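Opening the notebook on this one. I'll jot down what I look up as I go.

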Amino acid sequence: MAQVRPHRKGSPVTSTRDDSPQLTETDLRRKLLAGGTAALALTMVGNRRVSAAGLSSADLDLLKFAQGLELTLRDLYDEALDVDKGSAAWTAMSDSHESFAQAIAGLSGLSANERNEAVFAEYRDAMRGADRAKTAYDLESAAAATHIDLIGKLSDSGAAEVIASIASAESRHCVVLADVLGSGNDLGMTLVNSAQPIEA
Amino acid sequence: MNTPNPSQTPGFDRRTLLRRGGLTLGLGAFLSACAADFGGDTAPGRVGLVESETMLPEGVVNDVVYLRTMQSLEHSVVELLTALTASGHFTAPQQSYIDRFIADHVAASDVIGGHIAEAGGEPFACENPWVRSRYVDPVLTATHSSDDSNRDARSAAHAFETMLAHSYQHLVGLAASPAIRQGLMALGASASRRSALLAAQSSGSEFGYFGPGINADAPETDSAGFPVGYALPAVFGQVGQIALVVGAVDDEGARYATSLQTPAENTFVYDYMSC
């Protein structure tokens, strides 16, 4: 191993005897190739991974979470639809959340195939129960709050725009569900979202 | 023997004349080019006392401009609803919504003012001048003279609330700061709720909640040609134009019709604008 010798002030920079290894042309090419490969590998596995859509890994994680939540709501509405067979409202809501998940898939390249099991398990029985419309209202409120929260974390404006269009629709879902519940005149239910975001 | 030619004066023949003329012109051009600049206005003279044109300042579009624009739109809706209220166009139950809406818009303006101050801008807590002249004034005029002012007041309130919802959502895609995007959409969600509430109350019982974007059988307009508002007009939140028809039928058999739009360069409240 070559030793690094200190450069003494006043002495010539060049040494009469150079102990450092000499690089042949073949060695240099090999080292350049190795360095390039390492840099490429670091880019692929590093923290700042970039998707084909140009989204950062942090944005992809947030979108994956949002997509899972949409698939969960779709499946929960399907549970309600299993009770109220043929319900146009539950069908429209389920289809809407499927569309939201697919929109995120189109934006990010993430496959829409993984729901949030914890949220599904938490709400499944309630969505099959007598208060399923109120449960749906609560779910939509939480989903809208979650998406608005995500908008503040997403760095990509295009991703934020898609999530905003979903949050807008889910806010409207809340009003429809409040009206279905007979609370269409309750301005607290229709105009105010007091739900907390679901934590990623 | 040489005979002198009387027509040729020695030293001043045609050739000499041309030569001296060319030299004179060349020397004049040379001296003009080398002449000193003595200053003075070289612009063409003007006739009359009319002032010359004033160029608009260069407007820079940034997050503060987006926020100021939305703050102005909140005030535009306040002005519209206040004027409709003052004219008594709403029923008592409707008025309870409208009063709440006005309070919410004023509160939203305060929230936006806070965002603007945080971003280092100057709040614009007054209505949008372009929206006033293009939308608010014509709609109010038509509604005041309408054959059904209550119908038109409801339609106008719904259209303007929808315009706000679309505008907030639209600007989320334009704003640079994630925090400002979030602030915009929090208010946009509230506007969506107000729009949906008015639609559900106005036409939900007759036309249902789901618009043509979800239910292919849902009509765009009613039998009289008025646009139908839906609580859920489409699967996703929209950013397009909002059709509004108000007023009495005129001599040509038509009513006043307009399309409300999301903000653009002509609607933006630039930093050089003040209330």
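This is a predicted model: local features need pLDDT of at least 70, side-chain atom pairs count only at pLDDT 80 or more; totals for chains, interfaces and linings use all residues.

Leaving aside neighbours within four places in sequence, which residues is A:Ile163 in contact with? I get A:Ala66, A:His147, A:Leu150, A:Ile151 and A:Leu154.

Next, the core. I looked up the largest nonpolar core, and it has 109 residues. A:Ile163 turns up again here, among the residues with the most contacts inside this core, along with B:Ala156, B:Tyr168 and B:Met185. The largest share of the core comes from α6(A), at 13 residues.

Then the chain A–chain B contact. I find 31 residues of chain A in contact with 30 residues of chain B. On the chain A side, α3 (88–108), α5 (132–151), α6 (157–180) and α7 (187–191) each supply at least two residues. α6(A) gives the most, 16 residues. Sorted by class, that side of chain A has 15 nonpolar, twelve polar and four charged residues.

Last, α3(A). I checked its length: at 1.5 Å a residue, its 21 residues should span 30 Å, and the end C-alpha atoms are 30 Å apart, so the two agree. I then listed buried residues in α3(A), including A:Trp90, A:Met93, A:His97, A:Phe100, A:Ile104 and A:Leu107. Looking down the helix axis, I see the buried residues of α3(A) within an arc of 155°, so they line one face of the helix. What do they pack against? I have α2 (57–83) and α6 of chain A for that. Just past the end of α3(A), A:Gly109 takes a positive phi of about 85°.

Technical notes:
Residues are numbered from 1 along each chain as its sequence is written. Chains are lettered from A and ligands numbered from 1 in the order in which they are written. Two residues are in contact if their C-beta atoms, placed from the backbone, lie within 7 Å. Helices (H or I, at least four residues) and strands (E, at least two) are DSSP runs, numbered from the N terminus. Ala, Val, Leu, Ile, Met, Phe, Trp, Tyr, Cys and Pro count as nonpolar, Asp, Glu, Lys and Arg as charged, and the others, Gly among them, as polar. The expected span of a helix is 1.5 Å times one less than its number of residues. A residue is buried if 20 or more other C-beta atoms lie within 10 Å of its own, exposed if 12 or fewer, and partly exposed in between; C-beta atoms are placed from the backbone. The arc is that of the directions from the helix axis to the C-beta atoms. A nonpolar core is a set of buried Ala, Val, Leu, Ile, Met, Phe, Trp, Tyr and Cys residues joined through C-beta atoms within 7 Å.
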